[in-house]
Amino acid sequence: MEEIKKKLRARARVKYMQTGVLQSLIDLNNERQSHYLKATTCCRGAVVTEGKLTMRYCRSRVCQVCNRNRSGRLINSYGEQIKQGSYRFLTLTIPNVSDIQLKEAIEEMKIVFLYIRRKFARDRRQLNGLYTIETTYNWMSDSYHPHIHCLIDAEVEECFEIVKQWINAWEKRGVKCSPQAQDIRKADDGALSEVFKYAIKFDYTMARSDGKAVLKYSAEAIDTILSAIWGKRMVITFGNIRAVDEDYQEEAVLNWSEENDVYLWSVCDWFSITTGEALSDFTPSEVPNNRRRRGVRQRRGERIVYPEGQKTQFFN
């Protein structure tokens with residue numbers, strides 16, 4: 001029972017910590033508002049019947065509860081396939097981009113990687129593996145850093161060749177990628193976790209020089225990243241790796257020995273409608289700083305600079 005309680009406390013913490021961030025996203029009042037509202041309903045209630053405790057997932061891409069579940073299922077699903085080869089963990093990056101460049105940059109990254117795979121295929125060399133695209137946000141430069149995390153069944157020499165072709169392909173597009181920013185290492189369990197971690201994560205707080213905590217990822221930054229990947233498949237497989245369903249589970253079902261009951265979420269835990277007792281006994285250790293970040297930009301990061309007057313036609 002204690003192990004189940006531990007799982008429930010972890011779920012309660014994630015749900016509690018994302019509440020205010022979701023409210024900030026809802027306040028943006030854009031076309032994704034209904035999805036942000038949907039995320040607030042995730043695991044809102046728990047029903048205990050016939051020795052089972054059941055909660056319903058919302059299946060929203062922005063929901064951190066569902067993303068934790070999705071990441072675990074993808075690791076389990078692809079892990080067995082990955083273990084059958086000698087895989088390398090390859091990270092391919094480009095310089096930071098602005099919000100208006102992000103969506104186009106991500107699409108161009110997919111095109112460049114496809115070009116590299118086809119070039120190998122023309123030399124009768126099949127590449128097997130999968131990749132995801134993650135985007136992080138630099139609040140000091142107000143810029144975005146999309147990058148590829150790739151698990152590939154290839155020798156080190158072939159990985160170096162991929163990196164070289166990646167840099168050359170972007171150079172032809174007028175973008176200079178740093179060789180030091182690319183990374184090759186042997187794939188292990190940590191690499192699986194890195195590849196399948198959330199496409200969107202809420203980087204809650206960070207300490208400022210004046211001792212105050214601020215939200216590192218503002219609502220606008222999270223929304224910008226979501227807008228760039230909206231409706232896109234986040235795990236791209238190639239070669240002999242079989243794609244699995246990325247979708248989320250409908251329900252979470254746990255064994256539960258107590259009598260039939262119904263629990264409803266309130267603030268930081270689920271509480272019984274009959275006894276008022278808490279389900280997980282989660283106690284917040286901090287108040288989440290949920291609103292938009294505050295502070296002055298301190299420096300500029302490395303960014304792609306558009307030619308004058310070509311802000312929407314840079315990648316071609």
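Helix H1 is followed by asparagine 29, whose phi is positive, near 55 degrees. The model is predicted: local features require pLDDT of at least 70, side-chain atom pairs count only at pLDDT 80 or more, and totals for chains, interfaces and linings use all residues. Residues are numbered from 1 along each chain as its sequence is written, and side-chain values use heavy atoms, without hydrogens and water.

Helices (H or I, at least four residues) and strands (E, at least two) are DSSP runs numbered from the N terminus. The elements discussed here are tabulated below.

| Element | Residues |
|---|---|
| H1 | residues 2-27 |
| H4 | residues 102-122 |
| H5 | residues 156-172 |
| S4 | residues 129-138 |

H1 bends by about 35 degrees at threonine 19, the bend being the angle between axes fitted to the seven residues ending there and the seven starting there.

The axes of H4 and H5 come within 10 Å and cross at roughly 130 degrees; axes are lines fitted to C-alpha atoms, for helices over the stretch in contact, and angles run from 0 to 180 degrees between N-to-C directions. Contact means heavy atoms within 4.5 Å. Residues of H4 that meet H5 include Met109, Val112 and Phe113, and their partners in H5 include Ile162, Trp166 and Trp170.

Threonine 136 lies in strand S4 and touches Ser143, Tyr144, His145, His147 and Tyr217, residues up to four places away in sequence not being counted. Threonine 136 and isoleucine 225 are 89 residues apart in sequence and 8.4 Å apart in space, C-alpha to C-alpha.

Terms used: The expected span of a helix is 1.5 Å times one less than its number of residues.
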